[in-house]
Amino acid sequence: MDSLTCTPSDLVPLLSSSANATALASFLCTRFSTISSQLSDATHAIDNTYLLFSAYLVFAMQLGFAMLCAGSVRAKNTMNIMLTNVLDAAAGALSYYLFGFAFAFGAPSNGFIGRHFFGLKAYPSPDGDYSFFLYQWAFAIAAAGITSGSIAERTQFVAYLIYSSFLTGFVYPVVSHWFWSGDGWASPIRRNNLLFGSGAIDFAGSGVVHMVGGIAGLWGALIEGPRIGRFDRAGRSVALRGHSASLVVLGTFLLWFGWYGFNPGSFLTIMKGYGGGGGHYGQWSAVGRTAVTTTLAGCTAALTTLFSKRLLVGHWNVIDVCNGLLGGFAAITSGCSVVEPWAAIICGFVAAWVLIGFNALAAKFKYDDPLEAAQLHGGCGAWGLLFTGLFATKAYVNEVYPGLSGRPYGMFMGGGGKLLGAQIIQILVITGWVTATMGPLFCVLKKMNLLRISREDETAGMDLTRHGGFAYVYHDEEDISMRPTFMMTKIEPNNASPSTDGQRSPSNV
């Protein structure tokens with residue numbers, strides 16, 4: 001918004017016929033300055049309120065994660081997985097406050113890591129307020145929540161605390177600095193020396209959030225190994241179904257709701273006009289478009305998964321549909337602000353097949369992820385980055401990332417391959433960084449016997465052995481891990497023997 005400012009010297013020539021021209025000019029300029037200050041304050045208040053509301057929506061996704069995780073595990077581990085979701089937020093808040101935010105956005109800094117605002121010292125600054133910290137913290141704990149799903153039902157509680165603090169306090173912040181900070185080496189808002197003349201466009205975090213959480217979970221699950229009973233002695237996959245489809249659906253809807261803070265909220269502000277101003281089109285329109293592309297991608301992925309799994313396995317599965325929906329959301333998160341709505345449909349369609357394909361590979365290589373978190377967030381997140389490099393439009397890229405003429409955009413939209421190249425670099429760098437940090441951490445925890453629980457505890461369930469009792473009364477009749485390896489059963493005769501009137505055969509007794 002242009003400021004309403006003036007000086008008495010500007011108005012005196014216009015009021016030269018007045019005996020008190022200078023006094024009148026000073027009076028008018030004072031009023032203009034007051035109005036300008038009030039409008040500026042209102043703009044900041046509206047933008048901060050918008051960002052705070054978006055932060056609340058993203059934080060509400062933790063409830064969605066908790067419900068989704070609880071429904072996806074067996075009843076004997078419900079309290080454990082719920083507690084880990086609470087601690088992702090609690091431990092993540094302290095680690096992100098002390099270190100994470102500084103590593104991510106502590107400007108001025110170098111291209112690798114931030115170095116200011118530890119413990120929010122000297123913050124707020126002219127470039128950010130407390131609402132920005134809260135919003136970024138909500139993103140950080142979302143990444144940690146993704147990882148907890150991959151290693152559910154078999155991980156020691158202390159391991160959760162260690163990896164969650166390390167992920168939110170160091171691993172994730174460094175990645176967010178690279179791609180979201182104004183000083184990051186691959187950031188699209190960097191002032192100069194942009195990667196491939198563009199920087200990597202990851203608007204709301206298909207790579208920064210979803211790939212980081214998914215790849216961390218991948219290494220955790222690989223190093224721990226599958227749950228007891230997940231594969232039989234012949235190596236065939238055995239479904240260890242979660243105990244509540246109702247909780248899965250509830251969690252999915254809560255995550256869907258929260259995604260409207262995750263993607264549209266990543267604009268950070270809403271009171272910004274495009275072009276000359278004064279029209280109906282501005283950043284508020286881009287916010288609405290981003291909500292539309294998010295919706296279309298998720299819904300397309302859900303329907304694609306529904307019919308694809310019907311053809312592949314022969315039935316309609318609500319759990320698969322929920323995961324497909326979330327996969328579409330994870331994929332569109334990167335390019336939600338810079339693509340047309342019709343392109344979001346393509347994004348969701350491909351994301352569904354990416355998830356189906358990675359799940360097939362997981363079963364083939366005996367990889368066990370109770371929530372399909374690595375396949376969903378890691379695989380679909382990577383596809384989302386590639387999708388942005390292919391379908392980002394010139395007009396939207398210049399609106400969202402202004403100030404650079406000739407900025408590259410999507411290859412399929414006529415923008416060449418530079419943006420796609422930057423997106424590929426992002427995928428490789430995130431994969432390498434998370435592997436180099438989280439992989440060794442899980443190995444150390446395993447070597448110190450701090451990673452996996454005992455076989456007895458896993459069979460009985462962590463609610464009973466680690467948390468003082470079950471979440472509720474239940475019967476896990478289909479829990480294969482609780483059955484003995486060899487069972488003997490009584491064989492009854494199938495046919496009744498003849499009997500006379502008034503007598504009953506032994507088989508009928």
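## Pockets, core and cysteines

Among the elements that line the second largest pocket, α10 makes the greatest contribution, giving seven residues. The structure described here is a predicted model, and every value below was computed from it.

This second largest pocket holds about 1000 Å³ of space, and of the 37 residues that line it, Ala239, Asn317, Ile319, Asp320 and Glu372 are the closest to its centre. Besides α10 (341–364), the elements that give two or more residues to its lining are α2, α7 (245–262), α8 (283–313) and α9 (318–332).

The largest pocket has a volume of about 1500 Å³, and its lining is made up of 44 residues, with Asp127, Phe132, Ile189, Phe267 and Leu268 lying nearest the centre. Two or more residues of that lining come from each of α2 (21–72), α3 (78–105), α4 (130–150), α5 (157–180) and α12 (394–400). The table sets out the two linings by residue class.

| Pocket | Volume | Lining residues by class |
|---|---|---|
| Largest pocket | about 1500 Å³ | 23 nonpolar, 13 polar, eight charged |
| Second largest pocket | about 1000 Å³ | 17 nonpolar, twelve polar, eight charged |

In soluble globular proteins, nonpolar side chains tend to be buried together. The surroundings of Val209 can be listed in detail: leaving aside residues up to four places away in sequence, Val209 touches Phe139, Ala142, Ala143, Ile146, Tyr172, Trp180, Ala204 and Phe262.

The cysteines remain to be considered. A disulfide is a covalent bond between the sulfur atoms of two cysteines, and the count of disulfides in this model is zero. For Cys380, the closest cysteine sulfur belongs to Cys347 and lies 8.6 Å away, which is too far for a bond, because a disulfide requires the two sulfur atoms to be within 2.5 Å. Cys380 has 0% relative accessibility and therefore counts as buried, and Cys322, at 6% relative accessibility, counts as buried as well, because the cut-off for buried is under 20% relative accessible area.

Note on methods: Residues are numbered from 1 along each chain as its sequence is written. This is a predicted model: local features need pLDDT of at least 70, side-chain atom pairs count only at pLDDT 80 or more; totals for chains, interfaces and linings use all residues. Side-chain values use heavy atoms; hydrogens and water are left out. On a 1 Å grid over the protein atoms alone, a cavity is a set of points where a 1.4 Å probe fits but cannot get out, and a pocket is an open set with protein on both sides within 12 Å along at least five of seven lines; lining residues have an atom within 4 Å of a point. Grid points are joined across faces, edges and corners, and a volume is the space filled by probe spheres set on the points. Helices (H or I, at least four residues) and strands (E, at least two) are DSSP runs, numbered from the N terminus. Ala, Val, Leu, Ile, Met, Phe, Trp, Tyr, Cys and Pro count as nonpolar, Asp, Glu, Lys and Arg as charged, and the others, Gly among them, as polar. Contact means heavy atoms within 4.5 Å. Buried means under 20% relative accessible area, exposed over 50%, partly exposed in between (1.4 Å probe, protein chains only).
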